[in-house]
Every structure is written in C-alpha cells, then in structure tokens.
Amino acid sequence: MNNRLILVFLIIGAALTLLGAGTWLWRRYYHDDPTNTTRRIFKNSAVTFGLRLFVRGLDTVILFLLVGALDPAALGAYNTAALLVAQYLATFTEFGLGVWLTREVARSPAVARQLFGVTLALRLCLIVAAAAPIAWLVIGIYNGLGALGLSEPLTAEGRWAIWILLFTLIPSAYSGAVTALYNATERMEVPAAVEVLTALLSFLARIAVLALGWGVIGLAWAAVLVSSITALIFLGLQIRTFFAPTLSFDGPTIRKLIPQALPLMLNNLLSVIFFRFDLFIVRAFGGSNADLLVQQYVLPYQLLNIALVLPPAITFAVFPLFARRAGGARSELFSAQQRTLRLLLLIAFPLAMSMTLLADDLVWIFTRRRFAEYLPSVTVLAVLAWFLPLSFTNGLLQYVLIAIERQTAITRAFVIGAIFNLTANLIAIPLAIRLGRPEGALLAAALITILSEVVLYAVFRPVLHQEGLQPSLLPLMWQPALASLAMAGVMLPALLWLPGWIGSLCALLIGPPVYGTALWLTGAIGTEEVALARRIVGRTS
C-alpha cells in the first residue's frame, strides 16, 4: 500500500503541474476574437475536451485501483447503486432543465436570473418528492425477485450505498444549474475547470477510502462530500460572475416550464434506459452470481467512458451556435451539423477499431490478478466498441433537434428505441442465463445496444429530412471506415506476431500514423480541413 500511495502522490503532483502549466499557457497565448466563430467553437470544445479528458484520466486511475482492490461482486453492488442514483434518479430530477436553461439564456440573457431560480426550485421539489420513493421501490423489487429465486436480493452494502448516494442529488442539482449558465454564455471552460478540481478531490477521497479499508460505504460517503464541496465552489463562482443564487417557487412559471422541459427529461431518461437498463436486467436474472455479472458488464462501459468524454465536449460547444442558427436558413445549420458530424466520425472509427483489437490488453491492465474473473468483459468490450460511431452521430443529431425545438420527435425516437432495447434484452438475457450461458447474456446485451443505436437513427432520419437537415452519413463514413481498416491491417500482424506487451505497444505506435495517411490518401483531409485550421488560428477570416 505504501508503494501505491507514493504512486498516487506522484500522479497528483504531475496532474497539478500539468494543470498549472496548461492554465499559464492558455492565459499567455490565447486571445479571444468575438468575430471568429470558428475559433470560439474550437476553444469551447478543445478546452472542455482537454479538461474532461484530464478528469477521465484521474477516474481511470481510480478504476485501476478499485478493480484491483475490491471483490468484483462488491464492486458490482456499488455500481448498481451508483447507476440507479447518479443516472436514473439524477436524470429524472434534473428534468432536462440544464439544456432548457442553456437554450433560453443563450437566446435571451436578460431572463437568466428569473429562470435560474425557477429551474432550481423545480429540481429541488422533484428530489424531495420522488427520489426516496423510487429508491425504496427498486430495493423492494429486487427483494421480491430474490424471494422468487430469480436473483439475489440487494446486499446490505448495496442498499446502504443507494440511501447514502441520494444525498448527492441536492448539491449536484445546484451545480448543474450554474453550469447551464456558463454553457449559455459559451464559457464552457469554467465548469470544465471546476470538474478538474472536483476530480482531484474525488481522487483523494476515494484513495483515502481504499487506504482506510472503508469499502463500498466509504465510497458512497466520499461522493456526498465531494459533491457538496463542488456546490460550494459553484456558489462562489456564480456570485462573482452572474448573480446571487435565488429560489423562485413561481407556480404559473413552473406550470408553463414543465411541458417544455418534460420532453427533454424524457429524452435524457429514455437514453439512460436505452443504454443501461440491460444492467438491471442482468442483475435481476443473474442468480447467485448477479453482482459478479453486473461488474463483468460494467467494466467495458467504464473503459468506453474514456472515449465518450469527447462527444459532449464538442456538442455543448456548438449547441449555442445551433440554437442561434435554428431561426435562420436551414442551410447554415445543416452546414454546421455536417462539419461537426464529420469531425466526430473521424474520431469514432479509429477509437472503435483500436478498442476492439486491444480489448484483451485493456481488460488485463485494469484487472491484473483478477483477470480470470473478468474474461467475459473482453468479448463484450470488443463488440460494444462499435456502438461509438452511431452513438457519436445520434448524440449530435439529438441536440440539433433540440435547437430547432423538435424535442417531442426525440422523445418518440427514444420511446421506440427503449421499447426495442427493453424487449430484446428481456428475451435474450434471461434465455441465455437459463441455458447456462451467462457470458452469452452479456454479449447479447452488447449487440442489442448497437442495434438500438441503429433503431434510434432510423427514427431520427425522417424528422431531419422534413426539416432539411438529413445528414449524409455514407459520404461522411466511408473514408474513416476505410482508413480504420487500413489501420487494423498493420495493427493486427503486430499483435499476432510480436510477443505480449511488445506487440501491443508496436500496434499503438504504428496504428495512428497509418490511419492519418489513409485519411489523406482518401481525401478526408483536404483544402476544407486546412482552411478550418487556418480560421482557428486566425490566419483567415
């Protein structure tokens, strides 16, 4: 443990040094130009992505330590509790108000104070009225399934983790409301910087929990502490930058707001169901190994989260631009959509290919001596990686539809996608487990996730066509797809012919240059991309 603590302190020191150097370089060399929209969008996306990638790096170190230190079943019980509270209940009580507030304040900054108070009041009401009853209901359902012999009831630690994590909802609601103000004013770097500080605090707190041996319950209380400190930081920033926080229980305004925000909440909630309800089904039908199966399925998602940090950074950066252009000619909005989508796909395909080829190495790095217990995670990761290209696409198209106020179309798409996802998983997962193939259940869930993305895009497509915003996917996809195959063509021999880590390292070193060369040869990197880079650095208007 002493060696681990020394490593931890070295990582923290290096992280702070990098953060300080990056801040100094930014303040020294970056100069905003209000007339250069391209540079502003690049700033909003690049800074947010860089800081969030830094945060994800710290989370990755914690994941490395947690997976190696804790029993997989215990970690699976905690991840079930965290998914319920941090995604399902947090999404419901957030009620889509962050995106709604961002959109409305971006359009009319004068209403910021009033709408902030109203949206925060509504969030707090939802937390008080709904969070605890829903948590109690979920615990009761798992107890009932346990009584029927279909699964194990939640462990005592799992139940306590749920109740403790509920306390994170209130400070997180306030932090989310202030973040929406910064997003609306296109200052995404501020909440991203706070996210970095929060990640460092969370890093220290969770390391302390591991060092003291407090286990799952300690992790839950650490989350409460860090979310509270983050809220206090946002309080100081809000007073300094905008105005003092207010609460406004304005009945007429809230009644007017609910129908507008409800589709956004349903979209977000359905997207959570869309991707992660399979985990609850695995937990419900997993029998005596339910928590172990949950953790074997969660680990690939946690590794994919490293890649999933990118789309929100880019999407949130361009969303204010989308909102402003939505009222004008569709050609301008379509052009911005296509350029952003092209960038996302250029990144998604090599990520998916790399994670497929290196799935075995990635799982081993994080599990080490417990690798045998996580063998099913290798196949799941290799398959699940291919939901990235369509996930990046659908994530962007969702915000395009929000910008043009077609939230109900998104809701319809997610309802159809969620019904498909739930139905397919309710058939495939119990069947595979009854046939004695629990690993097959996890693989089926991964395949259904990819098919669900296809269903979602199929529903988005006609709506976008009506609005003159139907994306030209095939022309955007074929070049990065072909370049990724070329990359695989040189990575695979290195992995097969060279021993162990040497092959993996060589594959990582030769893959990206081959991908870039293939993009250049196929014309994916041409005069338009060069012109875009020149606009970012201010060489042309």
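**Helix packing and salt bridges in the predicted model**

Helix 3 (residues 72–94) packs against helix 11 (residues 290–304) at an angle of about 70 degrees, the two axes lying 7 Å apart. In this structure, which is a predicted model, helix 3 and helix 11 are therefore roughly perpendicular to each other, an angle of 65 to 115 degrees being counted as such. The crossing of helix 3 over helix 11 is left-handed. On the side of helix 3 the contact is formed by P72, A73, L75, G76, A77, N79 and T80, which meet D291, L292, V294, Q295, V298 and Q302 of helix 11. Seven of the residues in the contact of helix 3 with helix 11 are nonpolar, five are polar and one is charged. D291, which belongs to the helix 11 side of this contact, also takes part in a salt bridge with R283, with a distance of 2.8 Å from N to O, and both R283 and D291 are buried.

Helix 4 passes helix 7 in a right-handed crossing, and the contact joins G98, L101, T102, V105 and A106 of helix 4 to A177, A180, L181, N183 and A184 of helix 7. The residues of the contact of helix 4 with helix 7 comprise seven nonpolar and three polar ones, with no charged residue among them. Helix 4 is mostly covered, since ten of its eleven residues are buried; these are L97, G98, V99, W100, L101, T102, R103, E104, V105 and A106. Two of the buried residues of helix 4, R103 and E104, are joined in a salt bridge in which the closest N and O atoms are 3.1 Å apart. The relative accessible area of R103 is 3%, whereas that of E104 is 18%, and E104 therefore counts as buried, the limit for this class being under 20%.

Helix 8 (residues 189–212) and helix 9 (residues 215–241) cross at roughly 150 degrees, and their axes come within 9 Å. Helix 8 and helix 9 are therefore roughly antiparallel to each other, and helix 8 passes helix 9 in a right-handed crossing. From helix 8 the contact draws on V190, P191, V194, L197, T198, L201, S202, A205, R206 and V209, and from helix 9 on G215, G218, L219, A222, V226, I229, T230, I233, F234 and L237. The contact of helix 8 with helix 9 has 14 nonpolar, five polar and one charged residues.

Five salt bridges are found in a search of the whole structure, and one further pair is formed by R406 and E467, with the closest N and O atoms 2.7 Å apart. R406 lies in the loop between helix 16 (388–403) and helix 17 (407–434), while E467 lies in the loop between helix 18 (438–466) and helix 19 (473–497), so the pair ties together parts that are 61 residues apart in sequence. E467 has a relative accessible area of 18% and is therefore classed as buried. When residues up to four places away in sequence are not counted, E467 touches R330, I404 and R406.

Technical notes
Residues are numbered from 1 along each chain as its sequence is written. This is a predicted model: local features need pLDDT of at least 70, side-chain atom pairs count only at pLDDT 80 or more; totals for chains, interfaces and linings use all residues. Side-chain values use heavy atoms; hydrogens and water are left out. Axes are lines fitted to C-alpha atoms, for helices over the stretch in contact, and angles run from 0 to 180 degrees between N-to-C directions. Helices (H or I, at least four residues) and strands (E, at least two) are DSSP runs, numbered from the N terminus. Angles under 35 degrees count as roughly parallel, over 145 as roughly antiparallel, 65 to 115 as roughly perpendicular and the rest as oblique. A crossing is left-handed if the near helix is turned anticlockwise from the far one by less than a right angle, and right-handed if clockwise. Contact means heavy atoms within 4.5 Å. Ala, Val, Leu, Ile, Met, Phe, Trp, Tyr, Cys and Pro count as nonpolar, Asp, Glu, Lys and Arg as charged, and the others, Gly among them, as polar. A salt bridge is a side-chain nitrogen of Lys or Arg within 4 Å of a carboxyl oxygen of Asp or Glu. Buried means under 20% relative accessible area, exposed over 50%, partly exposed in between (1.4 Å probe, protein chains only).
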